[in-house]
Every structure is written in C-alpha cells, then in structure tokens.
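Please keep the structure in view while reading.

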Amino acid sequence: MRAGIASQGAAVKGWVLHAPLTLRALVRTDEIWLAVLAAFTGVLGGLLVVVINSITLLMHRVLFALDNDGRLSGLGQLDPVRAVLVPTIGGLVLGLLGLLLVRYVPGRPVDPIEANAIYGGRMSMRDSLVVMVQTILSNGVGASIGLEAGYTQIGSALASKLGRSFRVRRQDLRVLVGCGAAGAIGAAFDAPIAGAFYAFELVIGTYSLVNLAPVTLASICAILVTHVLGSAAPSLQIEVPVAIGGTDYLPILALGVISALVGIAIMRAVTLSESMFRRSALPVWLRPAVGGLIVGLMALITPAVMSSGHMAMRLGLDAQFGMQQVAVMLVLKAVASAVSIGSGFRGGLFFASLFLGVLTGTLFGDLLALVTSNPLSPVICALISMSALAVAVVGGPLTMVFLALESTGSLPLTSAVLAASVVSSLTVRRTFGYSFATWRFHLRGESIRSAVDIGWMRNLTVGRMMRREVRTIRRDTSLAAVRRDYPLGSAHRIILVDEAGAYAGLVLVPELHGSEEDVTRLDQLVHYPNVMLLPQMTVKEAVALFESAEADALVVVDDANTRQVLGELTEQYALRRYTEELDRTRRELSGER
C-alpha cells in the first residue's frame, strides 16, 4: 500500500512539474493559447499598476504629510522642511540600496525594448523586481520621474517568465513581452488602444494582424482589472473643438516642430546631467541624495516639479496657470527631470514628457494670442503639444494619437494631433535620430533603433556556422608531397600552419598544380595569411570581412594572437544562412506563421 501511495505521489509531483506542458497540449492552436496567456498577462499587469500606484500615493501622503489622496504635484505649496529632506534622504536610501545591489545583485537590468531586440523576449524577473522597487522609491520620495518605466518593466518581465514557463516559441515570447507592456500602459492611462499600440510601436517593433488579438486582449483585461478595483485613471474633463479650420494647421505644424526641439533639448539635458554627476567627485551612492536636494529646493518654488506631475498637468489643462508661471514650471520641470535621472533615480520620462508638452503647448497658445486676433485655444495647443512632445521623447506617434483620442473623444482634435505628431517624429528623426530609450542604448554603444528582433543576428555567429572538420599541413612541407596528398579535385583549398601550429595562410589547390617552375616553396602560394575569422564574430561581421578581403572562404581561429585553427567558413554558406534568417524575420514581421 505504501508503494502505491508513493507511486501516486510521484505521479502527482510529475504532473505538477510538467503542468505547463500538459496544459499546453490541451490547447489546439498556438493562437488560442497565446490569447489565453495574453489575457492572464493583462490581468497581472492591471493588478501591478493598481498596487504600484497605491504604494506611491501612500508614500506621498505619509512622507509629505498630505491630507489629500497623495497627489503631490498639484499642491500650491509644501512644508519646506519635508520638501527638501524627503527627496534628499530618499536619494540617500536609494544610493545605499544601489551599493548593496552592486554587491549582491550584479548585472544590468534589461528593459522590454532591449529584451525583444536582442534576447528574444527573455527578461530577468529578479532584475525587474529591483527596477520596480527602485522606481517606487524614487517616485515615492518626490523625484521628478514617472512610474511608467516600472509598470512596463515588471509587466513585461512577468509575461516573459510566463511564456518561458510554458515554453512558447521565440516570436510568441516577444509578443507576450509586448502584451505585458500593453497591459501596463493601457491600465495606467485607461486607454486600451494606446496601450496596444505602445506595444506594437515600441516593444514588439511592428504591427501585424496576427498579434492584434493577444496584445489588445491584454490591454483590455488590464483596464478591466483597474475598473473592478476602482482604480481607473480619471478621464480629462475639458472642452474640445467641434472643428479645426484649415488655416489653423499652420501654427499646429509649427507647434509640432517646437515640441520636437523641446524634446531633443530634454534628452540632451538628461545626458548632460548624467555626465556632470559622473565627472563630479561625488561617490555614486551619494549622487541621488544630491539630486534629491536639488529637486527639493526647486519644489520650494513650485511643487509641480515633484513626482510624475499628474495633478499639475490636469491643472494646466484647466488653464489655472498664468503665462509667466507656465514658463517657470516648464524650465523647472525639465531641469528636475534631467537631474533626477542623471543623479541616479530610477524611472522614465513618459509622463514627464506629457506634462512638459502641456506646458509647452500652453505657453505657445498664450504667445500666439499676443500676435493674432483669432488664435487657437491654449488648451487645444496644450493637448496637441502633449502628444507631439511625447512622440519626440518616447516615440510611437500612433500611440500618442490614440491616447489623445481616447482621452478627449474628439476626432477634429485627433486629426490635429496626428499632424503635429508626424511633424514632430520627422523632425526628431532628421535632426536627432533617437527616442529617449534608443538614445540611451546608443550611449551604451548598442546599435538598437527599435524593438525589431536583431538577436538572431548576434546569435548567428561564426562559431555556430563554421565547419570544424578541417585538415592542416605545415608550411614547410615539400611541394611534391602536398601535390601527391592533394590531387586536383580533392579539395578547394589547403590550410597552412607554422611550426607552432598557428595559422599561416591558405593555398588554393588549382594554383598548387598550375604553378610555374620557379615556385619552389609552399609559402610562395599563400593567400590571406593575416585575414582570419573569430568564432564570436556575427554573420554580419563575417560577410563584411569576406567582402573586404575578396575571399570565398576564410579560416576561423581561436584568437588573433595564438591563431590556432578551429574551422573554416565559406562566404556562400554564410550568405545562405543570413538570407534564411532574413526571410524568417520578414515572415514574422508580416504575420506569417
């Protein structure tokens, strides 16, 4: 009987361990299975948004002694002592936490864009939890950053973990990572279409009908969770235009260009801030405290510089700020965001770019009213610039267009937002070339311009493609012996090595047998003695070397110094594998399975 119980226990244990694969086998199609995982991802994403929001608002209420719901940026003034001490001490705590992380949790976190572009959707759950905690702490103590980076990081990481647990295909795993981001952004703004297109444009890198269902489903499920829990983002209560005249599009397009330039200036300011803190004599762990002190001092002028700026943005859309006040807030908020990120606080510029866009548009509308008798409303300019500046910083023009549509419900305004967003996107592309995320990749030396999958190119290395079964001969071998061992037709080329076994060049068999009588030594026929492939080279680097050397085949060595022969790779095979992967990527981008 004990043996029977033990066998039953082993069977149950085996089923639990293999439950993901068992459930996977019960589903008939990959599309249905992916939709189920996407819906579950959306539910988790919605829950996380609610939890993160609740924690940060509670921190605001407690740390800054607020008697409202924790909306910090909308206050007229703060307790001066708390305004300065809370972000300073919070920055010190974050810096000390960073010291522990460097020691016990080494490595750099990978965000959803980088994960999908290079690692096939693989993200570290541990690193993402660290990013989430750091983002909550940064926002909770009043640093001028948004929570959206934390939302998308943990939502996408959970989706990645879920997909890997069920062993989904590489392309489906990338889609699930996008579903996690879609649910997070959709729940954060109560905008399902904007959340879905955030995933398409920024995290997946392309739109296809095949991916529409799971991504949209994830965004809708996340929003349903926030509504059920009573934590949905409040809608904007503003008057929208019935129509926008054709002559109004000239200032609208000008506003798109201005918003793009402001966005570029903000991204440059973040880089400058990071550079200044890095060149300073301050230790790394002390920099967030100094950054928090600077933000706290600016908060004495206006609390609008603190935290994300949700309430301050709504007040700006209600036209509760004068032109001079808007100009001051625009400069201070931009500097505060740059200092917060540059000093080491964790977070992003998503909502900060929306708020800065509102301020830019309001100021533009006020100035326009001084020079024309029939200007656009400052509120309309604020909504247009809100999306246009976010396009410049975050990227994703369709994401911001749909965000404007879902926030206002106005088609005429959405048309104006579309025009300004396109102009803003083109301006940034022509003059700067990066969004904030891809700009930071560029500063790290990465060549990522979007989330389009290039990881296959890095994984397709020379070491994986080369032929290992190769023969070598010493270069001091006699011509007669080599001609005897390698008759015409037996091989295309011969690999020579020196007395120490290091690579010494290639000899072509047809040249070996067709050489003139004045050729007495084998090394007189050597080609490419100093042109070698290394196993870690990517297929792109290998093809470039073939082209520059004008070679049909090259030898692979372990190192440029030791030159021990590992194998051989032909240009024909490398190009074939490159073409096959390009074709596979094309089929994935077009939605073919």
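Buried here means under 20% relative accessible area, exposed means over 50%, and partly exposed lies in between, with a 1.4 Å probe and protein chains only. Strands (E, at least two residues) and helices (H or I, at least four) are DSSP runs numbered from the N terminus.

The partner of β3 is strand β2, residues 493-497; the two run antiparallel and are joined by 5 bridges. Two strands count as paired if DSSP finds at least two bridges between them. Within this pair, Ile494 stands opposite Val507 of β3. The hairpin has 5 residues between its strands, and Gly501 takes a positive phi near 85 degrees.

The model is predicted: local features need pLDDT of at least 70, side-chain atom pairs count only at pLDDT 80 or more, and totals for chains, interfaces and linings use all residues. Residues are numbered from 1 along each chain as its sequence is written, and side-chain values use heavy atoms, with hydrogens and water left out.

On the scale of the whole chain, the secondary structure comes to 25 helices and 5 strands. Of the 593 residues, 52% count as buried. The chain exposes about 26,900 Å², of which carbon and sulfur atoms supply 61%; accessible areas come from the Shrake-Rupley method with a 1.4 Å probe, and for residues only the protein chains shown count as cover. Among contacts (heavy atoms within 4.5 Å) between residues at least 6 apart in sequence, 72% join residues at least 24 apart.

The interior can be described through nonpolar cores, each a set of buried Ala, Val, Leu, Ile, Met, Phe, Trp, Tyr and Cys residues joined through side-chain atoms within 4.5 Å. The largest has 106 residues, and those with the most contacts inside it include Phe189, Met313, Leu349 and Ile384. Helix α16, residues 378-394, gives the largest share of this core, 14 residues. Leaving aside neighbours within four places in sequence, Leu349 is in contact with Ile266, Val270, Ser337, Ile341, Val393 and Phe436. A second, separate core of 23 residues includes Val462, Leu506, Met537 and Val556.

Arg164 lies in helix α7, residues 148-165. This residue is partly exposed, with a relative accessible area of 28%. Beyond its neighbours within four places in sequence, Arg164 is in contact with Arg122, Met123 and Leu173. Met123 is 41 residues from Arg164 along the chain, and their C-alpha atoms are separated by 9.8 Å.
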